[in-house]
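Thank you all for making the time this morning.

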Amino acid sequence: MRCGFCLPACPTFKETGVEAESPRGRISLMKAAVDGIMEPGISFEDQMNHCLGCRACEPACPADVKYGQLIEQARDAIETHTKQHRWWVSGVRKLVFKELFPHQKRMSLLGSGLHFYKKSGLQTVVRKTGAVKMFSKHLSDMEKILPDASNKGIVEQLGTYIPAKGEKIATVGMFRGCLMDVLFTETNIKTVKLLSEAGFDVVIPETQNCCGALHAHSGESDQAKALAKNNIRAFQEAGVDYIVSNAGGCGAILVEYDHLLHEEPEWKEASTWFAARVKDISTILVEQGRPLQFAETVDGGASTRVTYQDSCHLRNVMKGSNPSRQLLKEVGNVAFIEMKDAGSCCGSAGIYNVTQPVMANQILEHKMENVNATAAQYLVTSNPGCLLQMKLGIEKHGQKDHMEAVHIADFLYDRVVKN
């Protein structure tokens, strides 16, 4: 399929106008490599890694080409056959993908370290001495918007079972995530409390682990499959009706566990069971939950200008962009402002803004033009990576005294009339 409908939907093509920077161009490169027309060397690897994996090309494609699956297969093949990595790159990949993210206790230790860094005064010392400038400009910018990490996750603070308020509608399993439970513990807590307010019993299986999204997107498919299998077992044993995610990036791979494990027939039934039950927090609140009661006046009674930045994976994979907007419009005294190109990528894309900072910053700058045009007081999103990227954009544009980036679960819960 070579129609080109994907080109204007692709962030990297829009930035460069180069055919190779488009989904159509990358698929052509993949085919050339498979057919032996070109050697998949370093330039091929760089081009595959330059893709954000936002999957905006998929809704635009009239032939329903599964580009996301193709790019993951290409990256997996690269990692299987590449000889390009320096020794330290391989070491970092092993540390992050195999020794850190799959282990919740180790992630908790990371949270403890970040918590100490912020609360002990060490962060202040690092900034005043200029030590932070030892890092790259992009990483030093990211340090400015580092969230308040927690050394206690959601299970340590709420336990593994939270009953519904009022009559029970269903039992949901909360997918706590790895980074979410460390950097956004309070958001996880408010997500669970929202579910309880809406009539759901909430179970948080302790044996769950990282969703595997970063692994799948980075060519570590075997590790992603192992993580998926453990999550499926954990939630099946919990006997839940639905599995709720509050991170668009996590939800997108959770809902595709059946594809991830499609080559393993013994996992077909279990992976299909799991994928069919995955819901974004906004979607389940709108479709299944008891209507939430919001305070009629908030923020001092004045009308609050709110805009929404879509999570690419929530919009393009989970098809869940409308419920979030519906909930925001139900909040008292909210003037909802639809942002121009709200569904275009912000440049976060998992760890893309760390591995590809130049392109990520270009995309962020164009996003901020549309954000600033809304003159919103709150910029709401549904994914932790997007949230940090938008906080960075607000910081860079000197808007932090006028605008705040917040997760939708935090924004909604702070305005709910608690039962």
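Let me start with Cys-61, whose sulfur lies 5.9 Å from the closest cysteine sulfur, the one in Cys-3, and that is too far for a bond. Please keep in mind throughout that what we are looking at is a predicted model. Cys-61 counts as buried, with a relative accessibility of 16%. Cys-312 is likewise in no disulfide, and there the nearest cysteine sulfur, which belongs to Cys-345, is 3.8 Å away. Cys-312 is buried as well, at a relative accessible area of 7%. With a cut-off of 2.5 Å between the sulfur atoms, the count of disulfides comes to 0.

Now to the cores. As a general background, nonpolar side chains in soluble globular proteins tend to be buried together. In this chain, the largest nonpolar core has 92 residues, and those with the most contacts inside it are Leu-195, Tyr-257, Phe-274, Leu-328, Val-380, Phe-411 and Leu-412. If we take Phe-274 and leave aside its neighbours within four places in sequence, we find it in contact with Asn-231, Ile-232, Phe-235, Ile-243, Leu-254 and Tyr-257.

Met-48 takes us to helix 3, which runs over residues 42-49 and in which Phe-44, Glu-45, Gln-47 and Met-48 are buried. Because these residues cover an arc of only 165° around the axis, they sit on the same side of helix 3. And what do the buried residues of helix 3 pack against? They pack against helix 2, residues 23-34, and helix 5, residues 67-81.

Finally, let me step back to the chain as a whole, which has 24 helices and 9 strands. A compact globule of 419 residues would have a radius of gyration near 22 Å, and the chain, at 21 Å, agrees with that. Along the principal axes, its C-alpha atoms fill a box of roughly 65 × 50 × 45 Å. Of the 419 residues, 54% count as buried, while the chain exposes about 18900 Å², of which carbon and sulfur atoms supply 53%. As for the contacts with a separation of 6 or more, 78% of them are accounted for by residues 24 or more positions apart.

I will stop there and am glad to take questions.

Definitions and conventions: Residues numbered from 1 in each chain as written. Predicted model: local features only at pLDDT ≥ 70, side-chain atom pairs only at ≥ 80, totals over all residues. Heavy atoms only, no water. Buried < 20%, exposed > 50% of the residue type's maximum accessible area, 1.4 Å probe, protein only. Helix = DSSP H or I, 4+ residues; strand = E, 2+ residues; numbered from the N terminus. Arc of directions from axis to C-beta. Contact = heavy atoms within 4.5 Å. Core = buried A, V, L, I, M, F, W, Y, C linked by side-chain atoms within 4.5 Å. Rg over C-alpha atoms; globule rule 2.2 N^0.38 Å. Areas by Shrake-Rupley, 256 points an atom, 1.4 Å probe, with all protein chains shown as cover.
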